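Thanks for coming, everyone. Please take a moment to look over the structure that I am putting up now.

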Amino acid sequence: MSSIHNQEQQWIEGHPTFGSLTDQVSELTEKKASRTWYIALAVSSSLTVVLLALIGYLVTRGIGVWGNNIPVAWAWDIVNFVFWIGIGHAGTLISAILFLLRQQWRTSINRFAEAMTIFAVICALVFPSIHVGRIWLIYWLFPLPNQMAMWPNFRSPLLWDVFAVSTYFTVSLLFWYVGLVPDLATMRDRAKTRFKKIMLGILSLGWRGGNRQWQHYEMAYLLLAGLSTPLVLSVHSVVSTDFATSVIPGWHTTIFPPYFVAGAIFSGFAMVTTLAIIVRKVFALQNIITVRHLENMCKIMLVTGLMVGYAYGVEFFIAWYSGNIYERFTFLNRAFGPYAWAYWIMISCNVLVPQLFWFKKLRTSIPVMFVAALLINLGMWFERFVIIVSSLSRDFLPGAWGYYKPSWVDVGIFAGSFGLFFTLFLLFIRFLPIIAMSEVKGILPQAQAGADSIPHQNHSGRS
Amino acid sequence: MAVENRNEGLLARYEGPAELLAAARKVADAGYHKFDCHSPFPIHGMDEAMRLKRSPLGYMVGIAAFTGAGLALLLQGWTSAIDYPLIISGKPFFSYQAFMPVTFGLAVLLGAFTAVFGMLALNRLPQFYHAVFHSDRFARVTRDAFFISIEASDPHYDREQTRTLLLATGALEVEDLTAEPQS
């Protein structure tokens, strides 16, 4: 009775039992951390210190320590914000949209993709917060009663951004925690020390795995997925309106919301793939995160990469077809002006590199997809750089043109944000289950035995 | 003075999800209400087997989301058009089109909070004391074990008869859930 499930190939390899799967995932948090982990944490937390120190320097000296100038008043700060927030989108896509589409393969990667989302949004939030300059007045962004009797301007996309991004962060965090509760209960029941028992006991809320609980739990999960799906599409759309509602040539286009969302998912999957390749190798999770999982992610990168490439093409076409000379100039300037190098990095990484994934041999090769994912990450950072900096540096009157160069503080803060991201990620993989155990158990073949709704019901009664 | 050990219910262990599902149906048919089927992951078809009603959480979230949207419109309308009207790029004070992103955001935010805290309320969580935690075996429920627990407060509960029923449904073992004596 072993080869029953040949109708649908299994996503988890090596026929694990419920118990062996629990052991494999839980042990990662229970055994002593490796030397590599300590070295990685030392490097990333040092970079985080650089970030904090440079933020301190920025706050005391003012944003003049950045390379920003007039006309390029938005530069790396906003590029980095859009870059990080975009990366977050893949986590929500995996946790929410693939859940609604009943894609079983998501269960192997959703936990750390969701963690990546939360950490990426934290990094993203750093940039607009420090970009306001006088950070001690940051509460002006929120509709709080104050002595000036003033309210925020609800007709401005910059304010929509505040609400969209903070809602996105809150909902992602709730979604992640809800998913963690049954797995925290698993860790609680395995805990050896009193401290761990108490901490995990509190965090797992007294979860009993009863179906009366699962019933509401599954409904909550479905509802959160349903709420997150339009939310994730709206967040980057709102971010894009920061640009699209202005009159700057190269920004003032209606294609921006879908173009930004596709780009966000594209860059986010590149980051998930990068992390997945490292995590599965370091923690020997090749049986749970299989090459087929990675191949699926490559396919999503191919599709979203084509959408992004199409958007680049349409932008160029409209620049010509609109007959607007400023628009036309902006696009020629992007491709052949002083920032042409950035433009062609963007085109090569975002349009050419994903074409590799047409070939099965290449999209199932770990080294190829690792390098490709890194290049896509790079290309998507340059996409935001091209959109923001090249458009601002040469707008209408040549007398107002300028050139932007980052300062060492810009570079340091950007590098520091990676430190923050990886510090949080390293702490996560050390202390929390990086695979959603209860969800993976639910897609194992032996979990289906009882269900009436499963199509292949050709068991000969096992008892 | 030592209090006598109090029986709080029974806990039966089953082989796997299929056995648990079949047993759940029989326990529900026997008229029990204060029982639960514990498993490491949710099992398809268990809600019907246990004769559970559909979770009302969807309605709660729906109401919360519309409340969030309404509150957001009130907030934006009142601050922009009544409390401190300012002319900004010639737009109307009550620009409902421009208010949509925040309206949508707050609808999702309230909906998500309700989904999570409503789920916890319906499940009566956090709850750090429960009869099933008296069993040492029960720790395996979050790993690979499948249980039915029946609480002593159920009107049909009878320690011996209930035990017989559980054994008849194919339980591998049945144990008493007994509160520890309090000093």
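What you see is a predicted model, in which local features need pLDDT of at least 70 and side-chain atom pairs count only at pLDDT 80 or more, while totals for chains, interfaces and linings use all residues. Residues are numbered from 1 along each chain as its sequence is written, and chains are lettered from A and ligands numbered from 1 in the order in which they are written.

In chain B, the domain assignment, whose bounds come from an automatic or database source, gives domain 1 as 7-54 + 127-178 and domain 2 as 57-122. The centres of these two domains of chain B, taken over C-alpha atoms, are 43 Å apart.

Chain B also has an open sheet of four strands in the order β2-β3-β1-β4, with antiparallel pairing; strands are DSSP runs of E, at least two residues, numbered from the N terminus, and two of them pair if DSSP finds at least two bridges between them. Because β2 (35-38) and β4 (173-178) of chain B stand at the edges with a single partner strand each, one side of each has no neighbour in the sheet. Strand β1 (residues 7-14) of chain B is joined to β4(B) by six bridges, and Leu10(B) stands opposite Asp176(B) in β4(B).
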